[in-house]
Amino acid sequence: VQLQAYGGGLVRAGGSLRLSCAASGSIFTIMGWYRQAPGKQRVLVAVKATGSASNYADSVKGRFTISRDNAKNTVYLQMNSLKPEDTAVYYCNARTTFGEYWGQGTQVTVSS
């Protein structure tokens, strides 16, 4: 199983970024994103099942949108109205019936 994440970068507060994560090697029941800010634990940002069900952290509801292309095993995170507190390393996560897997992480930095 491999997960390759793309799309991090530096953006000003109020701006937007789109993250992508392409997974291969299995069938993934749930795909999503977590983030880890400096000195803090890794926390859920948004996850999406194969169907339409999604789950968001309260802190990103209304600003971030997760989507999936199941045919491509790719998950996206559209991040709008970014805030400095969104600064973190964002990790792609994918789960199968046998376990879960992590991508390499991509840095998102939001300047004030």
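What is the mean pLDDT of the protein chain, and what share of its residues reach 70 or more? The model is predicted. Its protein chain has a mean pLDDT of 95, and 100% of the residues reach 70 or more. Confidence is lowest in β1, where the mean is 93. It is highest in strand β2 (residues 9-12), at 98.

Four strands form an open sheet in the order β1-β3-β8-β7, with antiparallel pairing. Its edge strands are β1 (2-6) and β7 (64-69), each of which pairs on one side only. On average, neighbouring strands of this sheet are turned by 15° against each other, direction ignored. Strands of a sheet pair through backbone hydrogen bonds, either parallel or antiparallel. Between β3 and β8, six bridges make an antiparallel pair. Within that region, Leu17 stands opposite Met79 of β8.

Ser20 belongs to strand β3, which spans residues 17-24. Its relative accessible area is 17%, so Ser20 is buried by the criterion of under 20%. Beyond residues up to four places away in sequence, Ser20 touches Gln4, Ala5, Tyr6, Trp33, Val75 and Tyr76.

Strand β4 (residues 30-36) is mostly covered, with five of its seven residues buried. Six bridges join β4 to strand β5 (residues 43-49). Here Tyr34 stands opposite Leu44 of β5. The hairpin of β4 and β5 has six residues between the strands, and Gly39 in this hairpin takes a positive phi near 75°. Seven bridges join β4 to β9, and these strands also run antiparallel. Met31 has Ala94 of β9 as its bridge partner.

Most residues other than glycine have a negative phi. Asn73 is not a glycine, yet its phi is positive, at about 50°. This residue lies in the loop between β7 and β8. Asn73 counts as buried because its relative accessibility, 17%, is under 20%. Ser81 is likewise not a glycine and has a positive phi of about 50°. Its place is the loop between β8 and β9. Ser81 is partly exposed, with a relative accessible area of 41%.

The loop between β8 (74-79) and β9 (88-95) also holds Asp86. Is Asp86 buried or exposed? At 1% relative accessibility, Asp86 counts as buried, since the value is under 20%. Leaving aside neighbours within four places in sequence, Asp86 is in contact with Arg35, Arg63, Phe64, Ser81, Val108 and Val110. Among these partners is Ser81, which lies in the loop between β8 and β9.

Val110, another partner of Asp86, sits in strand β11 (residues 106-111). Val110 is buried, with a relative accessible area of 6%. Its C-alpha atom is separated by 7.5 Å from that of Glu85, 25 residues apart along the chain. Not counting residues up to four places away in sequence, Val110 touches Val11, Arg12, Ala13, Leu82, Lys83, Pro84, Asp86 and Thr87.

Terms used. Residues numbered from 1 in each chain as written. Predicted model: local features only at pLDDT ≥ 70, side-chain atom pairs only at ≥ 80, totals over all residues. Heavy atoms only, no water. Helix = DSSP H or I, 4+ residues; strand = E, 2+ residues; numbered from the N terminus. Buried < 20%, exposed > 50% of the residue type's maximum accessible area, 1.4 Å probe, protein only. Contact = heavy atoms within 4.5 Å. Pairing = 2+ DSSP bridges. Axes fitted to C-alpha atoms, helices over the stretch in contact; angles between N-to-C directions. pLDDT = per-residue confidence, 0-100.
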